[in-house]
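Please look over the sequence and the model shown below.

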Amino acid sequence: KVGEGYGGRARLPAYPRSHTDLSLRLRALRSNESGIYRCEVQHGLEDSQDIVRVRVKGVVFHYRSGSTRYGLTFAGARQRCADIHGHMASPEQLAAAYASGYEQCDAGWLSDQTVRYPIHNPRPGCYGDMDGYPGVRNYGKQDPEDMYDVYCYVEDLEGEVFGSSAEKLSLAQARTYCEELGAELASPGQLYAAWNAGLDHCSPGWLVDGSVRYPIVEPTEKCGGNVSGIKTVYAFRNQTGFPPPDALYDAFCFLGDAELLRVSDRYWDADYESERFPDGTAAEGSRDEEGVQRALEVRSQV
């Protein structure tokens with residue numbers, strides 16, 4: 001018996017050819033299907049079970065320019081996704097996000113030059129081409145010079161994002177703070193990937209594009225209301241504009257895998273009383289290794 005939500009997506013590829021191989025194959029996984037799966041087999045009085053942890057990688061997210069709603073051409077939207085370490089989402093990726101519960105009442109470009117948006121709770125202003133029915137609204141293929149928002153997709157983080165625990169910072173101070181740790185200000189794409197991997201930080205922080213956001217995995221009354229996700233701080237009530245650069249917030253820093261590995265592999269060369277790496281090169285002339293170590297310490301505290 002297959003549950004309704006898994007219809008057409010779950011099968012036992014070896015059964016009934018093999019009665020001892022009960023491998024389960026799931027296709028078109030949804031982000032809300034991450035978790036622990038248990039296999040339990042009973043034969044007469046004997047039974048056995050095992051578990052496997054599954055994390056569905058990849059997240060679709062809505063993005064708009066810092067100045068206004070619907071301010072990106074098709075080419076501009078593609079470039080903006082690349083600038084924030086993602087790429088333009090495909091219709092299939094948006095459909096999978098919708099099936100996982102994603103909703104966003106903003107029309108955005110997709111990779112096939114169509115403009116769409118996902119709605120679970122139809123309401124005035126969000127009916128699109130489907131009147132009062134839920135679904136992914138589709139405006140079809142649009143002129144590439146028309147202006148909309150964009151839906152981006154990011155899959156792999158390739159590093160770690162951590163929030164600052166220092167005093168509140170302006171945008172320039174936030175950038176300097178991360179650089180002094182041997183890191184850099186994180187991008188929205190990196191923050192979304194980190195959130196998808198479990199990052200929860202109930203304090204808004206600067207990102208490299210000048211936006212201010214924060215990731216909530218376990219929402220509470222004071223942190224995200226009743227919905228998890230990336231929360232964005234806008235300058236205006238109509239959800240447009242980034243905060244002024246002299247406003248004070250935390251910072252989200254990004255430390256790439258190469259830097260993390262470099263720190264973990266380093267060791268002290270006692271003969272020369274200097275820090276050296278396995279390839280024999282000295283720490284001098286490299287990125288701020290002391291800063292990277294402080295970044296690791298900061299990351300472990302937040």
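Gly-205 has Asp-250 as its bridge partner in strand E16. E16 covers residues 250-256, and its links to other strands open this briefing on a predicted model. Helices (H or I, at least four residues) and strands (E, at least two) are DSSP runs, numbered from the N terminus; two strands pair if DSSP finds at least two bridges between them.

Two sentences cover the basis of the values. Residues are numbered from 1 along each chain as its sequence is written, and side-chain values use heavy atoms, with hydrogens and water left out. Because the model is predicted, local features need pLDDT of at least 70 and side-chain atom pairs count only at pLDDT 80 or more, while totals for chains, interfaces and linings use all residues.

**Strand E16 and its partners**

- Strand E13 and E16 run parallel and are joined by two bridges.
- Strand E12 (residues 184-185) runs antiparallel to E16, and two bridges join them.
- Within that pairing, Leu-185 has Cys-253 of E16 as its bridge partner.
- Strand E11 (residues 159-163) pairs with E16 in the antiparallel sense, over five bridges.
- Seven of the seven residues of E16 are buried, so the strand is largely enclosed by the rest of the structure; buried means under 20% relative accessible area, exposed over 50%, and partly exposed in between (1.4 Å probe, protein chains only).
- In a regular strand the side chains alternate between the two faces of the sheet.
- In E16 both faces are covered: one side has Asp-250, Phe-252, Phe-254 and Gly-256, the other has Ala-251, Cys-253 and Leu-255, and all are buried.

**Helix H4**

- Helix H4 spans residues 188-196.
- Nine of the nine residues of H4 are buried, and the helix is mostly covered.
- Among these buried residues are Leu-191, Tyr-192 and Trp-195.
- Gly-198 follows H4 and has a positive phi, near 115 degrees.

**Disulfides**

- The whole structure holds four disulfides, a disulfide being a pair of cysteine sulfur atoms within 2.5 Å.
- With the bonded cysteines of the chain numbered in sequence order, the pairing reads 1-4, 2-3, 5-8, 6-7.
- Cys-81 and Cys-152 are bonded, with their sulfur atoms 2.0 Å apart.
- Cys-81 belongs to helix H1 and Cys-152 to strand E10 (residues 149-154), so this pair ties together parts that are 71 residues apart in sequence.
- The link of Cys-81 and Cys-152 is left-handed, with -80 degrees about the S-S bond.
- In the disulfide of Cys-105 and Cys-126 the sulfur atoms are 1.8 Å apart.
- This pair links distant parts of the chain, 21 residues apart: Cys-105 sits in the loop between helix H2 (91-99) and strand E7 (108-109), and Cys-126 in the loop between strand E8 (114-119) and strand E9 (135-141).
- The link of Cys-105 and Cys-126 is left-handed, with -110 degrees about the S-S bond.
- Cys-126 is buried, its relative accessible area being 5%.
- Cys-202 and Cys-223 form a disulfide with sulfur atoms 1.7 Å apart.
- Cys-202 lies in the loop between H4 and strand E13 (205-206), and Cys-223 in the loop between strand E14 (212-216) and strand E15 (229-233), so the pair ties together parts that are 21 residues apart in sequence.
- The link of Cys-202 and Cys-223 is left-handed, with -90 degrees about the S-S bond.
- Its two cysteines fall in separate classes: Cys-202 is partly exposed at 39% relative accessibility, whereas Cys-223 is buried at 14%.

**Cys-39**

- Cys-39 counts as partly exposed, at 39% relative accessibility.

**Leu-72**

- Leu-72 is placed in the loop between strand E5 (59-63) and helix H1 (74-83).
- Leu-72 is buried, with a relative accessible area of 3%.
- Apart from neighbours within four places in sequence, Leu-72 is in contact (heavy atoms within 4.5 Å) with residues including Tyr-63, Ala-77, Arg-80, Trp-109 and Met-147.
- Leu-72 and Met-147 are 75 residues apart along the chain, and their C-alpha atoms are separated by 4.9 Å.
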